[in-house]
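Here is a short report for a first look at this structure.

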Amino acid sequence: MTTDLAEYLRVCRADIDAALDAALPASPACPPLIAEAMRYSLMAGGKRFRPILTLAAGDAVDEATGQPSSRASILPIACAIELIHTYSLVHDDLPAMDDDTLRRGRPTAHVVYGDGLAILSGDGLLTEAFGLLARPAPAGAVPAARRLRAIAVIATAAGAAGMVGGQAIDIGAGGTHAADRDRPTPTLDADGLRAMHQRKTGALITAAAVSGAIMAGGDEAIIDAIDRYAGHLGLAFQIVDDILDVEGAADEPAGKDAAGGKPTYPALFGLEASRRQAAEAAAHARDALGAAHVTGRLADIGDWIVSRTH
Ligand code: GRG
């Protein structure tokens, strides 16, 4: 990673972390225990990849339009995306789903707070996200129609047509608890695997980028280019995630997917072909930007995602 990109990511993360810290509900507005549980998972680190994508898409639109920075009005949208992402991780880690005990290098929320509070903390994070989306940013300059469009994009991506639907396919295809139901477990072929990931992880990644472009006032051509870019990027992200599960990510044990009999890219195609597919997806992402003359950090973010180690 170039020093330049590293510095860009560092500044984005600092902005996002400060805004998340300010956005979290606290006692006495809410009971201290739920505030603590929500903060525990949200402020445990994480790459902040999705909210960085939102900010970078906004920056790309700013460069294209020559407008002054739209960051203050886009930060709440970026934070909402990270709140939704964190809720999905908290719920995914529950014993009723993936039953994970470690996340972001720490014991998972249900290990620390119990299943009930972990479920509630996820519910709280999701609900807070839509509160954040609905409230005008302090900068206040973004027309309501733009914000409503971004909210609709994010809701569709997070809901049954997107992330929730993808998780349902995953459970049905051999995820936890599929086996204890009295029906056969379908296995996924390559197309089925891609379709599941497109919903489960790709949809929110795409919404992160597209909502940033919408909020910054991009025209339809740039929104469309960023949409196509993010579709390829989401695929690259997922393939790399599967590869890291085989090779061992910097912060997680290796082999959990294979041990759980989960369909993955390395299981279907092998490691070499999976690496090639990830690089191809990142190249397609870059091409989608190039074809529409979109400048800024988005292309470099694609390279970061493919070369990451966690
Ligand atoms: C519970 C509705 C519901 C959905 C869960 C996304 C998801 C759906 C579950 C996560 C399961 C998982 C580990 C999928 C692999 C891809 C992924 C989302 C990894 C975690 O995202 P990162 O790497 O995590 O961006 P950090 O911690 O860096 O934010």
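## A loop residue

Val 294 sits in the loop between α13 (271-291) and α14 (298-307). Helices here are DSSP runs of H or I with at least four residues, numbered from the N terminus. The model is predicted: local features need pLDDT of at least 70, side-chain atom pairs count only at pLDDT 80 or more, and totals for chains, interfaces and linings use all residues. Residues are numbered from 1 along each chain as its sequence is written, and side-chain values use heavy atoms, with hydrogens and water left out.

Is Val 294 buried or exposed? Val 294 is buried, at a relative accessible area of 11% (buried means under 20%, exposed over 50%, with a 1.4 Å probe and protein chains only). Leaving out residues up to four places away in sequence, Val 294 touches Ala 60, Ile 222, Ala 225 and Leu 289 (contact means heavy atoms within 4.5 Å).

## Around the ligand

The ligand is surrounded by 19 residues (a residue counts if one of its heavy atoms lies within 4 Å). The closest are Lys 47, Arg 50, His 85, Asp 92 and Arg 104. By class, the shell has 5 nonpolar, 7 polar and 7 charged residues.

α4 gives the most to this shell, with 6 residues.

## Polar atoms and burial

Which distance separates Lys 47 from the ligand's oxygen? An N or O atom in the side chain of Lys 47 is 2.5 Å from an oxygen atom of the ligand. For His 85, a polar side-chain atom lies 2.8 Å from a ligand oxygen. Arg 104 also places a polar side-chain atom 2.8 Å from an oxygen atom of the ligand.

Taken alone, the ligand exposes 690 Å². The protein buries 89% of that (areas come from the Shrake-Rupley method with a 1.4 Å probe).

Terms used: A polar contact is a pair of N or O atoms within 3.5 Å; within protein, one must be able to donate a hydrogen and the other to accept it, and residues adjacent in sequence count only if both atoms are side-chain atoms. Helices (H or I, at least four residues) and strands (E, at least two) are DSSP runs, numbered from the N terminus. Ala, Val, Leu, Ile, Met, Phe, Trp, Tyr, Cys and Pro count as nonpolar, Asp, Glu, Lys and Arg as charged, and the others, Gly among them, as polar.
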